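Here are some notes to read alongside the model. Please keep the structure open while going through the points.

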Amino acid sequence: MDSLLLLGEILMINLVLSGDNAMVIAMASKNLPEKHRKTAVWWGAAGAVILRCVLTFAAVLLLKIPYIEAGGGILLLWIAFKLLLEEEEEVRVEESTTVWRSIRTILLADFIMSLDNVLAIAGVAKGDLALIVIGIALSIPIVVWGSGIIVGWLHRFPVLVFIGAYILAHTAGEMLLQDAKFGAVLSFMLPSLHSILPLALGVIVVLSGMIKRRTVSAG
């Protein structure tokens, strides 16, 4: 049951963090003939799965170093705030006219924009490599083939973004506590806060996002 819950969190994180990736994939392959477009998307998806797995494995190993996991938790918390508080950025990508150029564009875009996904997955999976592989293998093709659908979902159902931001912030809190050195310091200095830190960070991020959006709407 716990594994299914973690897998669901990995899929949700990929969904809310992959809007830009999805848009890039759609733009990179839109000028190709239909048959070639499917080839580019297929190989791009396969390459993205392998690339994301390698990067996530590396992140899992690095997060075992004292204070690195705490630093990753702080970075992930910033990503959670960024997801809700910043305006959408315009995605620019060179439109490709050949299959291999499209594949290269898809892989390059996934590499450049995968830091948030990789860090979040490494934190949620807690070193379970099987979960990492399954989660990435399922989520990347969904992002690739459902590029237009995903962007529409995120606009139509803003609650998905809030759920994703909460998971990110909660995971950030767990990473802070799990760090071998920093977690011990937190437990010593703030013993009463230690057990509720992940929940508190999740609530703070969601409330900040709600206040920001209400302010923007009122303005």
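**Notes on the predicted model**

1. The model is a predicted one. Leu77 has a relative accessibility of 17%, and because buried means under 20%, Leu77 counts as buried. Leaving aside residues up to four places away in sequence, Leu77 touches Ala169, Ala172, Leu201 and Val205. Take Val205 from that list: Leu77 and Val205 are 128 residues apart in sequence, yet their C-alpha atoms are 8.4 Å apart in space.

2. Which residues does Glu69 touch, not counting residues up to four places away in sequence? They are Leu63, Met175, Gln178 and Asp179. Glu69 lies in helix α4, which covers residues 68–85. With 12% relative accessibility, Glu69 counts as buried.

3. The next point concerns the pairing of two helices. The axes of α4 and α9 cross at roughly 165° and come within 8 Å. Because angles over 145 degrees count as roughly antiparallel, α4 is roughly antiparallel to α9. The crossing of these two helices, α4 and α9, is left-handed.

4. The contact between α4 and α9 can be read residue by residue. On the α4 side, the residues include Glu69, Gly72, Gly73, Leu76, Leu77 and Ala80. On the α9 side, they include Val161, Gly164, Leu168, Ala169, Ala172, Met175 and Gln178. By class, the residues in the contact of α4 with α9 are 16 nonpolar, five polar and one charged.

5. How far apart are the axes of helix α1 and helix α9? The axes are 9 Å apart, and the two helices, α1 (residues 2–17) and α9 (residues 158–178), pack at an angle of about 120°. That angle makes α1 oblique to α9. The crossing of α1 past α9 is left-handed.

6. In the contact of α1 with α9, the α1 residues are Glu9, Met12, Ile13, Leu15, Val16 and Leu17. The α9 residues are Leu160, Val161, Ile163, Gly164, Ile167 and Leu168. Sorted by class, this contact of α1 with α9 holds 10 nonpolar residues, one polar and one charged. Val161, Gly164 and Leu168 of α9 are named in this contact, and these residues are also among those of α9 that meet α4.

7. Just after α6 comes Lys126, with a positive phi of about 55°.

8. Most residues other than glycine have a negative phi. Tyr67 is not a glycine, yet this residue has a positive phi of about 75°. Tyr67 is found in the loop between α3 and α4. At 47% relative accessibility, Tyr67 counts as partly exposed.

9. Ala48 is found in helix α3, residues 34–62, and is buried, with a relative accessible area of 3%. Ala200 lies in helix α12, residues 197–218, and is partly exposed, with a relative accessible area of 25%.

10. Ala48 and Ile103 are 55 residues apart in sequence, and 9.5 Å separates their C-alpha atoms in space. For Ala200 and His170, the separation is 30 residues in sequence and 7.9 Å in space, C-alpha to C-alpha.

11. Last, the chain as a whole. How many helices and strands does the chain have? The chain has 12 helices and zero strands. Of the 219 residues in the chain, 45% are buried. The chain exposes about 11,700 Å², and carbon and sulfur atoms supply 70% of that area. Of the contacts between residues at least 6 apart in sequence, 88% join residues at least 24 apart.

Methods: Residues are numbered from 1 along each chain as its sequence is written. This is a predicted model: local features need pLDDT of at least 70, side-chain atom pairs count only at pLDDT 80 or more; totals for chains, interfaces and linings use all residues. Side-chain values use heavy atoms; hydrogens and water are left out. Axes are lines fitted to C-alpha atoms, for helices over the stretch in contact, and angles run from 0 to 180 degrees between N-to-C directions. Helices (H or I, at least four residues) and strands (E, at least two) are DSSP runs, numbered from the N terminus. Angles under 35 degrees count as roughly parallel, over 145 as roughly antiparallel, 65 to 115 as roughly perpendicular and the rest as oblique. A crossing is left-handed if the near helix is turned anticlockwise from the far one by less than a right angle, and right-handed if clockwise. Contact means heavy atoms within 4.5 Å. Ala, Val, Leu, Ile, Met, Phe, Trp, Tyr, Cys and Pro count as nonpolar, Asp, Glu, Lys and Arg as charged, and the others, Gly among them, as polar. Buried means under 20% relative accessible area, exposed over 50%, partly exposed in between (1.4 Å probe, protein chains only). Accessible areas come from the Shrake-Rupley method with a 1.4 Å probe; for residues, only the protein chains shown count as cover.
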